[in-house]
Protein chains: 2
Amino acid sequence: MKGDLLIIGGKEDKTGAKEILQRFVEMAGGSKAVIGILTTATQYPQELGEEYTELFHSLGCDKTILFHLNTREGAEQDSLTDQLQECTGIFITGGDQVRLTSILGGTLFYEQLRHRWGHEGMPIGGTSAGAAVMSCHMIMAATETENEYIVEMGAGFCFVEDVIIDQHFSQRARFGRLMTAIAHNPQVMGIGIDENTAIEVTDDGGCFTVWGEHSVTVFDGKKLDFVDTTNHGDNQNITLSGVRLHSLAAGYTFDLRNRELITTFLEEEQQHE
Amino acid sequence: MKGDLLIIGGKEDKTGAKEILQRFVEMAGGSKAVIGILTTATQYPQELGEEYTELFHSLGCDKTILFHLNTREGAEQDSLTDQLQECTGIFITGGDQVRLTSILGGTLFYEQLRHRWGHEGMPIGGTSAGAAVMSCHMIMAATETENEYIVEMGAGFCFVEDVIIDQHFSQRARFGRLMTAIAHNPQVMGIGIDENTAIEVTDDGGCFTVWGEHSVTVFDGKKLDFVDTTNHGDNQNITLSGVRLHSLAAGYTFDLRNRELITTFLEEEQQHE
């Protein structure tokens with residue numbers, strides 16, 4: 001059984017009720033949690049490491065372990081295995097997702113992290129770059145030329161299959177870039193997560209529930225009527241027709257396998273009426 | 001037969017090839033065009049009137065007529081009927097769409113404009129506020145509170161039925177506000193037009209073709225699976241599931257009646273292969 005995931009669209013609340021970070025502490029075991037903080041994505045690992053250490057302690061987690069892994073050599077140390085074994089959850093900070101994949105991909109740390117998560121059910125949380133890296137197909141960078149989105153994709157950590165995760169979604173107006181990304185392979189679903197908003201992936205990757213302040217936008221291109229990916233004009237955006245779109249606020253659950261909102265709660269409500 | 005419409009998402013090119021404005025001159029009759037310029041939306045009618053006069057002249061239209069209508073009384077002058085009769089097209093400038101509806105709604109000018117367009121086939125173009133006003137259901141203003149879009153709607157000029165037009169769409173990240181607007185009545189289709197991009201509505205309102213630099217985004221909620229408009233939480237965005245989405249670049253034509261991309265050109269291409 002795979003561990004659950006908490007995938008945060010960046011800028012989660014750190015001064016108020018801290019609802020999303022509180023949720024991660026609960027997922028990791030509450031007062032018994034031992035949370036590993038992975039700072040590889042950021043250029044400021046000390047500062048961010050200290051900040052999240054204090055935050056998790058303030059939310060009732062007594063023990064945290066800092067993983068300041070900034071080189072591939074550092075990610076090959078044998079001692080990491082025991083440290084990961086002690087963790088009941090790993091939290092991946094923001095920064096640049098390409099640092100995460102290029103420094104950690106294929107290392108001992110990465111293999112052990114996948115094992116703890118994929119076979120021993122350890123939950124993983126991540127924000128911003130730490131969110132983007134969770135999908136198999138990761139947006140590395142995107143540029144909007146005068147009239148066209150050019151999206152550079154790379155291989156992510158693949159904790160969620162068949163999706164592309166984009167973060168800071170509404171706040172940075174990333175609608176066009178995520179649609180462009182899914183146009184290239186409509187098998188892959190686009191999930192745009194707003195700031196201070198998160199999805200909790202449960203049920204062995206089968207569904208997610210929304211947490212936090214804003215919305216999560218899902219683009220499903222599987223039943224596209226038309227896309228001109230390979231023959232659109234030079235310097236022109238891709239045209240696509242018939243995407244299924246969902247916009248979900250906190251509390252709603254989406255079925256990732258069947259690609260639909262779970263509305264069984266409505267039937268339950270009706271039965272009680 | 002209704003006149004064709006050119007609905008521009010704002011900031012159309014005025015210094016380069018001026019493709020969109022050129023298109024409007026052609027729609028109005030080219031060198032024989034007499035274009036009326038309606039400046040009611042703007043607080044700077046003199047400046048904008050002069051600018052568009054020069055622009056249309058530079059594009060081969062010899063005669064323009066300025067309609068500086070800033071009061072309801074002014075919009076009741078009998079002489080307007082003859083002036084409108086001379087026009088082969090009317091162009092509505094940007095500004096505030098509520099000025100257009102509140103100053104002109106129900107006046108002689110408005111009635112004559114509708115007559116010239118609706119019965120005598122005179123084309124109408126409009127940019128920004130002049131675009132927003134063309135739909136029956138007009139976005140007057142929208143505010144994004146901490147976590148919720150509140151969209152104020154009003155009655156537009158209703159040149160296009162069953163749609164809500166939003167302008168400056170990608171550039172001002174208006175995705176959330178347009179989805180919120182259509183959630184309240186999924187019969188109404190949302191059309192988001194980017195800057196320096198336009199739709200030309202033809203065929204008695206039956207279809208539109210995209211012109212210009214960026215994209216046009218269409219949200220069709222008719223087959224929505226779920227929407228929680230009336231029972232979403234306080235201070236929470238609306239959740240909706242199963243919107244059909246289309247993103248169209250220049251050259252594509254969309255069937256407004258059947259709500260689908262027209263792809264007959266593909267069949268024609270195949271026949272020629």
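User: Which residue does the disulfide join to A:Cys136?

Analyst: Look for paired cysteine sulfurs; the cut-off is 2.5 Å. This is a predicted model. Here A:Cys136 is joined to A:Cys158, S to S 1.5 Å. The link of A:Cys136 and A:Cys158 is right-handed, with 60° about the S-S bond.

User: What parts does the pair tie together?

Analyst: Place each cysteine between its neighbouring elements. A:Cys136 sits in the loop between helix H6 (129-132) and strand E6 (137-144) of chain A. A:Cys158 is in the loop between strand E7 (149-155) and strand E8 (163-166) of chain A, so the pair ties parts 22 residues apart in sequence.

User: Is A:Cys136 buried or exposed?

Analyst: Buried means under 20% relative accessible area. A:Cys136 has 12% relative accessibility, so A:Cys136 counts as buried. A:Cys158, at 25%, counts as partly exposed.

User: How many disulfides does a search of the whole structure find?

Analyst: Two, over all chains. In chain B, B:Cys136 and B:Cys158 form a disulfide with sulfur atoms 1.5 Å apart. That link is right-handed, with 55° about the S-S bond. B:Cys136 is buried at 12% relative accessibility, and B:Cys158 is partly exposed at 23%.

Notes. Residues are numbered from 1 along each chain as its sequence is written. Chains are lettered from A and ligands numbered from 1 in the order in which they are written. This is a predicted model: local features need pLDDT of at least 70, side-chain atom pairs count only at pLDDT 80 or more; totals for chains, interfaces and linings use all residues. Side-chain values use heavy atoms; hydrogens and water are left out. Helices (H or I, at least four residues) and strands (E, at least two) are DSSP runs, numbered from the N terminus. Buried means under 20% relative accessible area, exposed over 50%, partly exposed in between (1.4 Å probe, protein chains only).
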